[in-house]
Amino acid sequence: MNDTTQRIGFLGVGHLARCLIAGFLKSGLPADRLMLSPRGQAPAIAAEQGLVLAESNEALVEACEIVILAVRPADAAKAVAGLPWRDDQVLISACAGVPIAALAEQAARPRIVRIMPVTAAEICASPTVCYPASPDITDLIARLGSVIPLSGEADFETATVSAAVYGWVQKLIQISADWSAEQGLSREAARQLSAGIFIAAGQTVAASEEPMEDLLAHLATPGGITELGLKHLEAQMVDQAWAGACDAVLDRLTKD
Ligand SMILES: NC(=O)c1ccc[n+]([C@@H]2O[C@H](COP(=O)([O-])OP(=O)(O)OC[C@H]3O[C@@H](n4cnc5c(N)ncnc54)[C@H](OP(=O)(O)O)[C@@H]3O)[C@@H](O)[C@H]2O)c1
């Protein structure tokens, strides 16, 4: 990786930035490469991790070659406006539903790249979509997990829905763990089992090139317990409910 000589600034230091910073440090990025804008959790994180706290957003942009924007979406355009951007910089936005054009209106000079990490970046396990993708940026983001380059911004909005799915899957893990605990498993065994089953399912799908219908067909043997439960879920129209939730999120990202 050739990213260790560049200074990376965080503009907006809240929940997501905390996870990205933890992941970068865990990946071996030297702490003196990271700089934080002054608001939010920045003073606490800077003190905890020995990072540089910028005096102002202007000072951050002056000092950094790469700036990661992690303010709330409604604050994004305002946060990048009026700062001393240069042509040789990259502005990486993690803000959901904020198009490149909306940022470029306020910050015309830097190259703008969008990423959509999830909090698993903290343990370097975030599948992170990136648009437009270039090796300098994907090398950096690969420190936080796998990188999935996308070829258009419409695809990026669709892919952003998966950042919400990440939370829904945690809800499923919780439902499953709670049910097991109610039947008598210890809370810790129920939690580890439920999380482990979801990890195993994901890893199996990711590692295989077989069509997903075939993978599932191998599991759902006629008359077996997997088939029994799938029939129950289908009768409750879980597929439609799930797709409806995805539609609602995509509408919010693209139409609001
Ligand atoms: N949380 C996630 O899991 C997640 C995942 C993927 C993407 N994202 C994206 O990441 C972004 C941040 O989300 P979050 O959950 O980390 O939000 P958050 O915890 O509210 O953090 C946002 C931070 O930005 C600061 N801020 C706002 N305007 C600023 C400015 N002009 N200069 C400097 N700092 C400023 C806020 O400070 P104040 O508190 O002082 O206003 C706050 O500390 C969002 O756009 C979201 O779409 C989040």
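This is a predicted model: local features need pLDDT of at least 70, side-chain atom pairs count only at pLDDT 80 or more; totals for chains, interfaces and linings use all residues.

Colleague: In what order do the strands of the open sheet come, and what kind of pairing do they show?

Modeller: As a general idea, strands of a sheet pair through backbone hydrogen bonds, either parallel or antiparallel. Here eight strands form an open sheet with mixed pairing, and their order is β3-β2-β1-β4-β5-β6-β7-β8. At the edges stand β3 (52-53) and β8 (147-149), each with a single partner strand, so one side of each has no neighbour in the sheet.

Colleague: Which strands does β1 pair with, and over how many bridges?

Modeller: Strand β1 (residues 8-11) runs parallel to strand β4 (residues 66-69) over four bridges, and three bridges join β1 to strand β2 (residues 34-36), again in the parallel sense. Phe10 shows both pairings, with Leu36 as its bridge partner in β2 and Ile68 as its bridge partner in β4, while Gly9 stands opposite Val67 in β4.

Colleague: Are the residues on the two faces of β1 buried or exposed?

Modeller: In a regular strand the side chains alternate between the two faces of the sheet. In β1, Ile8 and Phe10 lie on one side and Gly9 and Leu11 on the other, and all of them are buried, which leaves both faces covered. From β1 the chain crosses through helix α1 (residues 15-26) to β2, in a β-α-β crossover that is right-handed.

Colleague: Where does the sheet show parallel and antiparallel pairing on β6?

Modeller: Strand β5 (residues 90-93) is joined to β6 by four bridges and runs parallel to it, with Ser93 opposite Arg114 in β6. With strand β7 (residues 128-131), β6 pairs in the antiparallel sense over three bridges, and Ile115 has Cys130 in β7 as its bridge partner. Strand β6 (residues 111-116) is also mostly covered, with five of its six residues buried.

Colleague: How many residues surround the ligand, and which are the closest?

Modeller: The ligand is surrounded by 22 residues, of which Leu16, Arg39, Asn57, Val71 and Arg72 are the closest. By class, this shell holds 12 nonpolar, seven polar and three charged residues.

Technical notes:
Residues are numbered from 1 along each chain as its sequence is written. Side-chain values use heavy atoms; hydrogens and water are left out. Buried means under 20% relative accessible area, exposed over 50%, partly exposed in between (1.4 Å probe, protein chains only). Two strands pair if DSSP finds at least two bridges between them. A residue is near a molecule or strand if one of its heavy atoms lies within 4 Å of it. Ala, Val, Leu, Ile, Met, Phe, Trp, Tyr, Cys and Pro count as nonpolar, Asp, Glu, Lys and Arg as charged, and the others, Gly among them, as polar. A crossover is right-handed if, with the strands pointing away from the viewer, the path from the first strand over the helix to the second runs clockwise.
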